[in-house]
Amino acid sequence: MLGKLFYELEVKMASLNNESMTLKFQYAEQWLSEACKLFEPIFSKKGYAIPDVRVLYGFSIDGYNIKKKRQYLGECLSSSYTHDGQIIIVVTPLRRHGVDVLSILGHELVHAVDDCESQHGDAFKKIASDIGYEFIGITTYPGESLMNDLRKFSNELGKFPAINLKQCH
C-alpha cells in the first residue's frame, strides 16, 4: 500500500518533472479528454466500460470558497444533470500536476462507470479497487501498479496546462 505520505511524495516528484515537460495541449480540457482515452484499457481489462463523458476544468457545482473547510478536487455529475444524458466530470484547478490530476480523473471515472449511482459505497469501492486504487478511510490513492500507469500517462500527455490561480499556492 502506497499510503498518503508516499502518494504526496510521488506528487511532489511529479511536479518537479512537470515543469520540464513539453506542453502538448493548450487547454486543460483537451489534456483531460485524451487522458480519458488512456484510462480505457485499465477499466476494460477489469470488465468496466467508461461511458461517454465530458471533462471540464473548473470548480464543482458548489463553487469555490477559500474559507470552506473542505474543497472538492473533482466531481462527477450523473447523466440526470444534463439534457442530453452526458455525464460531466469536473476537475479542480486547485491541482496543477499531471499525476495528481490523473489520480483525481481516474477516481471520477469510477463514479462515471455506474452513472454515480453508488456514490462512495460498496460498488464504487469494488470498481476503484479493481482498477488499482487503495483506500485510507474514504480517500482513494493509486496503488503501485496504477501509479506506474499514471506516470506513463503523464509523460505521454506532456505538461498539464494548468491555470495559475493565486489560491493554488
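**Ground rules.** I'm working on a predicted model, where local features need pLDDT of at least 70, side-chain atom pairs count only at pLDDT 80 or more, and totals for chains, interfaces and linings use all residues. Residues are numbered from 1 along each chain as its sequence is written, and side-chain values use heavy atoms, with hydrogens and water left out.

**Entry 1, helix H4.** I started with what covers the buried residues of H4, and I find that the cover includes helix H2 (28-45), helix H3 (98-113), strand E4 (133-136), strand E5 (139-142) and helix H5 (144-157). I take contact as heavy atoms within 4.5 Å. Helices (H or I, at least four residues) and strands (E, at least two) are DSSP runs, numbered from the N terminus.

Which residues of H4 are buried? In H4, residues 122-131, I list Phe124, Ile127, Ala128 and Ile131. They sit on the same side of H4, because they cover an arc of only 95° around the axis. Buried here is under 20% relative accessible area, with exposed over 50% and partly exposed in between (1.4 Å probe, protein chains only); the arc is taken from the directions from the helix axis to the C-beta atoms. A reminder to myself: an α-helix has 3.6 residues a turn, so residues three or four places apart point the same way. Just after H4, I noted a positive phi of about 120° at Gly132.

I count from the record of elements 5 helices and 5 strands in the protein. Along the sequence the pattern reads α-α-β-β-β-α-α-β-β-α. Of the 169 residues, 46% count as buried. I also looked up contacts with a separation of 6 or more: residues 24 or more positions apart account for 70% of them.

Next I took the helix pairs. The axes of H3 and H4 are 9 Å apart and the angle is about 130°. H3 and H4 are therefore oblique to each other. The crossing of H3 and H4 is right-handed. From H3 I see His107, Val110, His111 and Val113 meeting Phe124, Ile127, Ala128 and Ile131 of H4. By class, that contact of H3 with H4 has 6 nonpolar, 2 polar and no charged residues.

My terms: axes are lines fitted to C-alpha atoms, for helices over the stretch in contact, and angles run from 0 to 180 degrees between N-to-C directions. Under 35 degrees is roughly parallel, over 145 roughly antiparallel, 65 to 115 roughly perpendicular, and the rest oblique. A crossing is left-handed if the near helix is turned anticlockwise from the far one by less than a right angle, right-handed if clockwise. Ala, Val, Leu, Ile, Met, Phe, Trp, Tyr, Cys and Pro count as nonpolar, Asp, Glu, Lys and Arg as charged, and the others, Gly among them, as polar.

The axes of H3 and H5 cross at roughly 120° and come within 9 Å. That makes H3 oblique to H5. I have Gly98, Val99, Leu102 and Ser103 of H3 meeting Met147, Leu150, Arg151, Phe153, Ser154 and Leu157 of H5. The contact of H3 with H5 splits into 6 nonpolar, 3 polar and 1 charged residues.

H2 and H3 pack at about 60°, axes 10 Å apart, and H2 passes H3 in a right-handed crossing. Among the residues that meet here, I marked Phe39 and Phe43 in H2 and Leu105 and Leu109 in H3.

How buried is Phe43, by relative accessible area? I read 0% for Phe43. Outside four places in sequence, Phe43 is in contact with Tyr48, Ile50, Gly106, Leu109, Val110, Val113, Ile127 and Ile131.

His107 lies in H3 and is buried, at 12%. Not counting residues up to four places away, His107 touches His120, Phe124, Tyr133 and Thr140.

Last, Leu77 in strand E2 (residues 74-77): it is buried at 8%. Beyond four places in sequence, I find Leu77 touching Ile61, Ile87, Ile88 and Cys116.
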